Amino acid sequence: MPLLKAYPKINLSLDVIGKREDGYHLLKMIMQTIDLYDVLEMYKAKSGIHITCNKNYIPCDNRNLAYRAAELFIHKYNIKDGININIVKNIPTAAGLAGGSADAAVVLKTMRDMYVPEVHDSELIKLGLNIGADVPYCILGGTALCEGIGEIVTPLTPFKDHILILIKPSFGVSTKEVYKNLDINKIMKHPDTNLLIDAIREGNLEMLSRNMRNVLENVTLKRHFMLRQIKGQLIRAGALGTLMSGSGPSIFAFFDDMLEAQMCYDRMKIKYRETFITRTI
């Protein structure tokens, strides 16, 4: 089995438009795949699910979304074999980048190819939603509008090859806590999703960068001064716009000039260990 790449996402926008009776928030967000990836190796085992990982803080039992994806797939399609999965983790964790969901999506797609190739993506998406709200998007990837609790994924015009700097500070953030502390009635400014979709269709990086918005910044930025600081530093370094991804704490910024981006990366890397220069794909 060849090496498999699991790509994370950033949010070009994130809006909370309501709440379901079961407590889940209703979302409207634009997601984008970026070129930074975990590497997975998968091969059949006689029985059981066996996960190994290069980072010792990553759980290798059913707390790992890749494990849960394998477990669900084996159960759903009555697979008699087991699976070995080795994960080389490069995507920062607890970062708002859906790294665990990306790994789970790769496991579902690869096990589909191994065992039941006739299964359509739409069936995998339904299965993926049992693992996490970001898994359906990660199965499809690219540029997409995600609605509901994340399960309604509509592909948009690809917004690829745009340079960005991504910074994950040294702390993590609990998504559950962020949503718990979000007061929907106090959101003063929502993203203009249609305007952003137009900017994507036109390939207008400047218009997109100026209008990106994530309502969860209302919670996470309030609690962490460092994130406001990072955003300011990126803008002063020439970024067209900055945004927090997901519930945070990762912050990214778009640049239209590679030299400027490289200079910013060199400076930020000294302050923040997990700094990346990458692009949309």
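In which strand does Leu166 lie? Leu166 lies in strand E9, residues 163-168; strands (E, at least two residues) and helices (H or I, at least four) are DSSP runs, numbered from the N terminus. The model is predicted: local features need pLDDT of at least 70, side-chain atom pairs count only at pLDDT 80 or more, and totals for chains, interfaces and linings use all residues. Residues are numbered from 1 along each chain as its sequence is written, and side-chain values use heavy atoms, with hydrogens and water left out.

**Overall form**

The protein chain has ten helices and 13 strands. Its radius of gyration is 19 Å, close to the 19 Å that the globule rule gives for 281 residues, so the chain is as compact as a globular protein of that length. That radius is taken over C-alpha atoms, and the globule rule is 2.2 Å times the number of residues to the power 0.38. Along the principal axes, the C-alpha atoms fill a box of roughly 55 × 45 × 35 Å.

Of the 281 residues, 55% count as buried; buried means under 20% relative accessible area, exposed over 50%, and partly exposed in between (1.4 Å probe, protein chains only). Among contacts (heavy atoms within 4.5 Å) with a separation of 6 or more, 73% are between residues 24 or more positions apart.

Leu166 is buried, with a relative accessible area of 0%. Neighbours within four places in sequence aside, the contacts of Leu166 include Ile10, Leu97, Phe252 and Phe276.

Thr193 is found in helix H6, residues 193-202, and counts as buried at 6% relative accessibility. With neighbours within four places in sequence left out, Thr193 is in contact with Lys28, Ile30 and Leu145.

**Aromatic pairs**

Rings of Phe, Tyr and Trp (its six-membered ring) pair if their centres lie within 6.5 Å; planes under 30 degrees apart count as stacked, over 60 as edge-to-face and the rest as tilted.

| Pair | Centre distance | Plane angle | Class |
|---|---|---|---|
| Tyr7 and Tyr37 | 5.5 Å | 70° | edge-to-face |
| Phe252 and Phe254 | 5.6 Å | 80° | edge-to-face |

Tyr7 lies in the loop between strands E1 (4-6) and E2 (9-19), and Tyr37 in the loop between strands E3 (25-33) and E4 (38-45), so the pair ties together parts that are 30 residues apart in sequence. Tyr7 is partly exposed at 29% relative accessible area, and Tyr37 is partly exposed at 26%. Phe252 and Phe254 are both buried, and together with Phe159 they form one aromatic cluster.

**Backbone details**

A cis peptide bond, with omega about 5°, joins Gly248 and Pro249. Pro249 lies in the loop between strand E11 (241-244) and strand E12 (251-255).

Asn78, a residue other than glycine, has a positive phi near 50°. Asn78 sits in the loop between helix H1 (65-76) and strand E6 (82-88), where it is exposed at 54% relative accessibility. Asp161 is not a glycine but has a positive phi of about 70°. Asp161 is in the loop between strand E8 (152-155) and E9, and is partly exposed at 48% relative accessibility.
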